[in-house]
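Please look over the sequence and the model together before reading on. The text below walks through them step by step.

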Amino acid sequence: TYSHRLQAAGEWFTLDVGAYRFSPDMHLPGDVINLLGFKTACYEPSCPPASKEFPPPFTFNYTAPLRRIVDEEGMPAGYVTAIRGMVDQILASGGQLFLGANLTDLQALHSGEVRLVFGSQSVLTKMVLLNLPRASFLGLPSLRAATPSRTVQMAECVKFDTPTKFFPPGSFSLGKSLAKAYAFYKDAWWHNHPNLTVGQ
């Protein structure tokens with residue numbers, strides 16, 4: 001998820017690109033967001049069960065209505081709010097944050113420590129929490145070499161299953177159907193004038 005703070009028509013808002021909704025019965029991120037105490041609101045005004053958000057024949061294994069983090073005024077605060085909240089907790093507990101540092105390797109040492117390599121510099125630590133996309137994980141040579149081959153093979157696997165039960169032949173084209181588009185309007189007339197914020 002990428003959260004971007006924007007201003008339009010004199011109002012500030014946060015635009016999330018990616019997974020910004022969650023069901024409170026999801027342990028991650030629901031438990032984290034609840035633990036951090038962030039205010040949330042239903043994503044859809046009618047607050048339908050999450051399982052109703054997906055059209056048949058798809059199923060979703062959560063039932064609590066999908067929610068998003070909101071600010072004091074009830075406006076979307078952005079998924080980045082949860083990330084910042086976790087970072088604040090880490091820093092308050094004595095952890096360190098390195099921004100703009102490109103992790104080039106991770107080496108597990110026999111002492112139990114971990115060496116994080118950032119180009120020509122490295123840091124020793126006893127505890128590491130990694131949240132890496134698969135390409136970044138696969139790009140860490142020592143970590144990749146120390147990872148069981150089955151796990152590496154799973155990380156290398158990119159497969160889109162398109163069962164004919166869900167996708168009749170010819171109805172789904174990779175590279176054309178997996179896209180989102182966002183448009184910005186100087187005047188979102190349907191919202192600014194008749195205040196049509198729900199419906200189609």
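What follows moves from the whole chain to a few individual residues.

The model is predicted. Its chain has 200 residues, and 20% of them count as buried. Six helices and seven strands are found in the chain. Taken in sequence order, these elements give the pattern β-β-α-β-β-α-β-β-β-α-α-α-α. Among the contacts with a separation of 6 or more, 42% are between residues 24 or more positions apart.

The next topic is the disulfide. The structure holds one disulfide, and it joins Cys42 to Cys47, with a distance from S to S of 1.4 Å. A disulfide is a covalent bond between the sulfur atoms of two cysteines. Are the two cysteines buried or partly exposed? Cys42 has a relative accessible area of 17%, and because the limit for buried is under 20%, Cys42 counts as buried. Cys47, in contrast, has a relative accessible area of 31% and is therefore partly exposed.

Strand E3 spans residues 40-42, and strand E4 spans residues 67-69. Tyr62 lies in the loop between these two strands. With a relative accessible area of 29%, Tyr62 is partly exposed. Which residues does Tyr62 contact, leaving aside its neighbours within four places in sequence? They are Ser23, Asp25, Met26, Ala50 and Ser51. One of these, Ala50, is twelve residues from Tyr62 along the chain, and the C-alpha atoms of the two are separated by 5.9 Å.

Aromatic rings come next. A pair of such rings is described by the distance of the centres and the angle of the planes. In this structure there are zero aromatic pairs. A charge over a ring is present, however: Arg21 lies over the face of Tyr43, at 4.5 Å from the ring centre.

The last stop is Thr147. Where in the chain does Thr147 lie? Thr147 is in the loop between helix H4, residues 141-146, and helix H5, residues 149-156. The relative accessibility of Thr147 is 15%, so Thr147 counts as buried. The side chain of Thr147 reaches the backbone oxygen of Leu143 at 2.6 Å. Not counting residues up to four places away in sequence, Thr147 touches Phe137 and Val152.

Conventions. Residues are numbered from 1 along each chain as its sequence is written. This is a predicted model: local features need pLDDT of at least 70, side-chain atom pairs count only at pLDDT 80 or more; totals for chains, interfaces and linings use all residues. Side-chain values use heavy atoms; hydrogens and water are left out. Rings of Phe, Tyr and Trp (its six-membered ring) pair if their centres lie within 6.5 Å; planes under 30 degrees apart count as stacked, over 60 as edge-to-face and the rest as tilted. A charge sits over a ring if NZ of Lys or CZ of Arg is within 6 Å of the ring centre and within 35 degrees of the ring normal. Helices (H or I, at least four residues) and strands (E, at least two) are DSSP runs, numbered from the N terminus. Buried means under 20% relative accessible area, exposed over 50%, partly exposed in between (1.4 Å probe, protein chains only). A polar contact is a pair of N or O atoms within 3.5 Å; within protein, one must be able to donate a hydrogen and the other to accept it, and residues adjacent in sequence count only if both atoms are side-chain atoms. Contact means heavy atoms within 4.5 Å. A disulfide is a pair of cysteine sulfur atoms within 2.5 Å.
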